[in-house]
Amino acid sequence: MKYQIIGETLPVVICQLEGGEKMITEGGGMAWMSPNMLMETTSNGGVGKMFGRMFSGEKLFQNIYTAQGGEGMIAFASSFPGSIRAFEIAPGQEMIFQKSAFLAGEVGVELSVFFNKKLGAGLFGGEGFIMQRISGRGMVFAEFDGHVVEYELAPGQQIVVDTGHLAAMTASCKMDIQSVPGVKNMLFGGEGLFNTVVSGPGRVWLQTMPISNVAGALKPYFPSSDN
């Protein structure tokens, strides 16, 4: 499979497949394709994996596209202004994505739910609690919100991230949720009550425009349901 990512603000990834090669995506992920691409909707792993995908922000069913009778082409477009990144997944090279980041991938890629191990962090950490774990083998494409900044963390090195800005990290990283210190900071600082702390070793991808922040900024401009 060969691919090309085109566009900066609203990107699309165009995949060129050999005959018989397959791609998986969520419903609605396909933008355009050649006529010989056959679609099949599947649970892709049974009930357990279906609900695991649901909790990680994806849909219950996935679509598998197969190039029939020769080479095929299929394109997957971003659903929000941002970035599409490609990752090569293999045993020992798993990735952790934000909710709903999975765009498409080769059929050897597996998607499951990733929970923060600390219950307190889960109850109060917001979006950083439930994420997506990508394992298996193959190429996967993820869509992130806004521009993406990458950091390589050494063993024990940490970075503190405002909730929602963590787009992805290698599975070798660890994450925790910590409260903002000081009652005045928590109540009047405007930065929320909790931050995500990512510890190395590993690589982390941060996004500049989380869709949740955009929704919050636009909310005052929408009519109230009480009016």
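**Confidence, burial and salt bridges**

Me: What is the pLDDT over residues 53-57, and how many contacts does the model have there?
Reply: The pLDDT (the predictor's confidence in each residue, from 0 to 100) stays under 50 over residues 53-57. The model still has 21 contacts for this stretch, beyond four places in sequence. A contact means heavy atoms within 4.5 Å. Over residues 119-128 the pLDDT is also below 50. That stretch has 13 contacts beyond near neighbours in sequence. Where pLDDT is low, the predicted coordinates should not be read in detail.

Me: What is the mean pLDDT of the protein, and where is confidence lowest and highest?
Reply: The mean is 82. Of the residues, 76% reach 70 or more. Confidence is lowest in helix H3 (residues 183-188), at a mean of 43. The highest value is 98, in strand E2 (residues 12-17). These labels are DSSP runs, numbered from the N terminus: helices (H or I) have at least four residues, strands (E) at least two.

Me: Why is Ser135 called buried?
Reply: Buried means under 20% relative accessible area, exposed means over 50%, and partly exposed lies in between (1.4 Å probe, protein chains only). Ser135 has 16%, so Ser135 is buried. Ser135 is found in strand E12 (residues 130-136). Leaving aside residues up to four places away in sequence, Ser135 touches Ile89, Glu94, Gly108, Val109 and Glu110.

Me: What is the phi of Ser100, and why is Ser100 called partly exposed?
Reply: The phi is positive, about 70°, although Ser100 is not a glycine. Ser100 sits in the loop between strand E9 (95-97) and strand E10 (102-106). Its relative accessible area is 37%, so Ser100 is partly exposed.

Me: Which peptide bond is cis, and where is Pro201?
Reply: The cis bond joins Gly200 and Pro201, with omega about 15°. Pro201 is in the loop between strand E18 (194-199) and strand E19 (202-207).

Me: How do you know that E16 pairs with E9 and E19?
Reply: Two strands pair if DSSP finds at least two bridges between them. Three bridges join E9 to E16, antiparallel. Here Ile96 stands opposite Met169 in E16. E16 and E19 also pair over three bridges, again antiparallel. Leu166 stands opposite Leu206 in E19. Strand E16 (residues 166-170) is mostly covered: five of its five residues are buried.

Me: What makes Arg85 and Glu150 a salt bridge?
Reply: A salt bridge is a side-chain nitrogen of Lys or Arg within 4 Å of a carboxyl oxygen of Asp or Glu. For Arg85 and Glu150, the closest N and O atoms are 2.6 Å apart, so the pair qualifies. Arg85 is in strand E8 (residues 82-89) and Glu150 in strand E14 (residues 148-153), 65 residues apart.

Me: Which salt bridges does Arg203 form?
Reply: One is with Glu150, the closest N and O atoms being 2.8 Å apart. Glu150 lies in strand E14 and Arg203 in strand E19, so this pair ties together parts 53 residues apart in sequence. Another is with Glu152, at 2.7 Å, N to O.

Me: How many salt bridges does the structure hold, and which residues form a network?
Reply: The structure holds three. Arg85, Glu150, Glu152 and Arg203 are linked in a network.

Me: Why are Arg85, Glu150 and Arg203 called partly exposed?
Reply: Their relative accessibilities fall between the two cut-offs. Arg85 has 26%. Glu150 has 32%. Arg203 has 27%.

Definitions and conventions
Residues numbered from 1 in each chain as written. Predicted model: local features only at pLDDT ≥ 70, side-chain atom pairs only at ≥ 80, totals over all residues. Heavy atoms only, no water.
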